[in-house]
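Please view the structure below before reading on.

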Amino acid sequence: MTSPFKLSAAALALFAGALLAARIGLPEYAHRLHPLGLRGAIGMPWAFAFNLFAFVLPGVLLLWAGQRLRDALGDAGWLARIGSVLVQVSALAFAAQGVLPPDAGDSDATASRLHALAWMLWWIAFVPGVLLLAVGARRGIGFSLACLLAGLLVPLLAVFAPVGSWVGLAQRLAFATWFGWWLVASRASASAQGSSTTARR
C-alpha cells in the first residue's frame, strides 16, 4: 500500500518537473513574472501536458494522500475529520486548475473565470482545513505549528503578496508552502501510524 508521504513526494516531483519544463516551446515565459496557470492557458504550446503534470496529476495524488491521512486520524474527533475533508477539497481544486485552463487573451472569459474559481477554492478550502487539523488532529506541537504556519503563509503569498513584478514568484512560494505542508502532514501521519502499531504489539 502506497504511503501518503510517497504520494505527496511524487506529487511534488511532478509539479517541480512541470515548472522546470515550463519554458519549452515558450521561452518568453518567466516564473518571476507570470502566473503559473498562464503557462497552461488555452492556445499555449504544450498546454495540455503542462496542465496534466503541474496540476491534475499532483492534485489527484494529494487527494489520494488526503484519504490516507483521514484514515490515519482514527478517533481524533470531528474537527480533524472536517479539516481532512477540507484539505482534500483543496487538492481537488488544485487539480481542477489544470482541467479548467484560463483564456490567455481574455481574463473575463468563462474559461478564465472558472480557472480563477478553482484557484480561489484551492486556498480558501486549505486555510480552515489546516487550522482545524492544528486544533483537532492531536499530532503534537510540531504538526500544529506547521499547520498554523501554512494556514498563514498560503493566503499571504497567494493573495496579498502578488503585486508588481513579483506576482509569479509569490504564487510559486504559496504553492511550495502548500506542498511542504502535505509532506509534513504525511510524515506525521506515518509516524502516528507507526506508534499505534508498536503500541498494539
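Phe 175 is buried, with a relative accessible area of 0%. The model is predicted, and its mean pLDDT is 91. In total, 92% of the residues reach 70 or more.

The structure holds 14 aromatic pairs. One of them joins Phe 15 and Phe 175: the planes stand at 70° and the centres lie 5.9 Å apart, so the pair is edge-to-face.

Trp 178 is buried at 0% relative accessible area, and Phe 179 is buried at 1%.

| Pair | Centre to centre | Angle between planes |
|---|---|---|
| Phe 15 and Phe 175 | 5.9 Å | 70° |

Which residues do ring pairs link into a cluster? They are Phe 15, Phe 50, Phe 55, Phe 94, Trp 122, Phe 126, Phe 175, Trp 178, Phe 179, Trp 181 and Trp 182.

Charged groups meet rings too. The charged end of Arg 39 sits over the ring of Phe 50, 5.9 Å from its centre. Arg 187 places its charged end over the ring of Phe 5, 3.9 Å from the ring centre.

One stretch needs care. Over residues 195-201, pLDDT stays under 50. The model has zero contacts beyond four places in sequence for these residues. Where pLDDT is low, predicted coordinates should not be read in detail.

How values were computed. Residues numbered from 1 in each chain as written. Predicted model: local features only at pLDDT ≥ 70, side-chain atom pairs only at ≥ 80, totals over all residues. Heavy atoms only, no water. pLDDT = per-residue confidence, 0-100. Contact = heavy atoms within 4.5 Å. Phe/Tyr/Trp six-rings, centres within 6.5 Å; stacked < 30°, edge-to-face > 60°. Buried < 20%, exposed > 50% of the residue type's maximum accessible area, 1.4 Å probe, protein only. Lys NZ or Arg CZ within 6 Å of the ring centre and 35° of its normal.
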